[in-house]
Amino acid sequence: MRVLGIESSCDETAVAIVSEKRERIVELVLSQLKEHRPFGGVVPEIAARSHLTQLDRMIGQALEQSGIAARDIDAIAATAGPGLIGSVLVGVTMGKAMALALDRPFLAINHLEGHALSARLDPGVEFPFLLLLVSGGHCQLLRVEGVGRYRRLGTTVDDAAGEAFDKGAKLLGLGYPGGPAIEQAARRATEAGLDPKRYGLPRPMLGRPGCDFSFSGLKTALRQRAEELAVGGRLPERERDGLALALQEAIAAVLADRTANALDICSAIGGGLTALVVAGGVAANGRIRQALDRVARAKGLTLVAPPLALCTDNAAMIAWAGIERLQGGPALAQGDGLDFAARPRWPLDPSAPRAAGAGVKA
């Protein structure tokens with residue numbers, strides 16, 4: 001079984017072909033960093049136009065590189081939400097057109113489900129596991145019990161961790177994308193022997209019951225501290241790097257604390273977990289992985305992080321989610337109708353079935 005996946009939920013245009021044997025036959029990702037960097041963040045109109053310009057060419061390139069004819073693809077899986085609705089519509093429309101032309105199933109994949117199942121593609125984790133999904137737009141803790149079976153234990157009440165990194169980097173003048181910029185600045189501060197506690201940044205929700213997150217107050221505190229430390233309206237480089245370190249430490253501590261609570265809840269539920277999995281773009285941060293590894297070890301578990309290429313937005317995880325559905329029995333294996341509506345919001349909760357939710361028809 002070979003499935004072609006399309007990912008266009010934000011600012012990466014991605015196409016991949018994946019087999020049921022967990023073989024990532026071809027993976028293509030086109031970044032739009034250059035287009036969005038002047039604006040300090042993603043511009044939805046620019047993102048959608050770039051997908052529209054590039055996607056057809058990339059699909060042809062993927063088929064050519066793989067040596068697989070379009071007629072030998074078994075299904076088309078496309079991210080149908082959540083995401084920037086203009087960008088999502090481009091991928092969904094292309095996926096539907098290919099499915100119609102080839103007479104193959106069309107699979108509308110939840111972007112969050114793609115991340116949730118990516119650890120089963122590589123390195124191949126068994127159910128059930130706890131997933132910490134951390135990216136620019138999402139911050140959730142999910143007990144992943146099976147394909148289509150997700151129990152959300154916690155989510156952000158305001159901003160995602162990735163947004164805190166991006167906005168923090170912009171505020172400190174470190175550029176875009178914020179995650180790598182903050183990590184590099186934090187590394188310089190560590191090498192210089194700076195103490196992150198000196199900057200007094202809060203660690204929202206730390207020590208509280210439950211598994212929810214909050215990062216908006218942290219961003220506000222960062223701005224206030226930067227203004228206090230500025231000299232002549234400019235923030236000295238040393239203080240800038242120190243604040244980046246303090247921001248990273250605060251986010252890592254909060255993620256670790258909330259995850260530890262979620263593991264305790266899973267233990268109370270029963271059934272045993274096979275692993276703690278972290279996925280999403282923020283999962284690339286080494287300090288966060290270190291903090292989560294300590295939490296996992298303390299609970300007798302192993303921290304599993306998919307390869308970096310599967311942490312950021314990619315089409316291999318979308319194609320694999322399609323394969324998981326096709327192999328999940330009759331209830332999951334049937335494709336979605338060509339009238340499936342793309343969705344800017346699509347929670348991965350049992351209370352919100354796949355067919356529910358407002359969307360925009362392609």
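Predicted model: local features only at pLDDT ≥ 70, side-chain atom pairs only at ≥ 80, totals over all residues.

The entries below go through the sheets, a helix and a pocket in turn.

Entry: I looked up the strand order and found an open sheet of five strands, ordered 3-2-1-4-5, with mixed pairing. Its edge strands are strand 3 and strand 5 (106-110), each of which pairs on one side only. Helix 3 (residues 85-102) lies across strand 1, strand 4 (75-81) and strand 5, and I noted its direction at about 160° to strand 4.

**Entry: the sheet with strand 6.** Here I found an open sheet of five strands with mixed pairing, in the order 8-7-6-9-10. Strand 8 (149-155) and strand 10 (303-304) form its edges, each pairing on one side only. Strand 6 (residues 129-134) and strand 7 (residues 139-146) are antiparallel and share six bridges; within this sheet I also recorded that Leu-133 has Gln-140 of strand 7 as its bridge partner. Helix 8 (residues 237-269) lies across strand 6, strand 7, strand 8 and strand 9 (276-279), and runs at about 155° to strand 6.

**Entry: helix 6.** I checked the length of helix 6 (residues 178-191) against expectation: at 1.5 Å a residue its 14 residues should span 20 Å, and because its end C-alpha atoms are 20 Å apart, the two agree. Which residues of helix 6 are buried? I listed Gly-178, Ala-181, Ile-182, Glu-183, Ala-185, Ala-186 and Ala-189. The buried residues of helix 6 pack against helix 5 (161-172), helix 8 and helix 9 (286-298). After the helix comes Gly-193, for which I noted a positive phi, near 80°.

**Entry: the largest pocket.** I read a volume of about 1600 Å³ for the largest pocket. Of the 50 residues that line it, Cys-10, Ser-135, Gly-136, Gly-137 and Asp-166 are the closest to its centre. Which element supplies the largest share of the lining? I found that helix 5 does, with six residues. At least two lining residues each come from strand 3 (24-31), helix 4 (111-121), strand 7, strand 8, helix 5 and helix 6.

Terms used:
Residues numbered from 1 in each chain as written. Heavy atoms only, no water. Pairing = 2+ DSSP bridges. Helix = DSSP H or I, 4+ residues; strand = E, 2+ residues; numbered from the N terminus. Contact = heavy atoms within 4.5 Å. Axes fitted to C-alpha atoms, helices over the stretch in contact; angles between N-to-C directions. Expected span 1.5 Å × (residues − 1). Buried < 20%, exposed > 50% of the residue type's maximum accessible area, 1.4 Å probe, protein only. 1 Å grid on protein atoms, 1.4 Å probe; cavity = no way out; pocket = protein on both sides within 12 Å on 5 of 7 lines; lining within 4 Å. Points joined across faces, edges and corners; volume = space filled by probe spheres on them.
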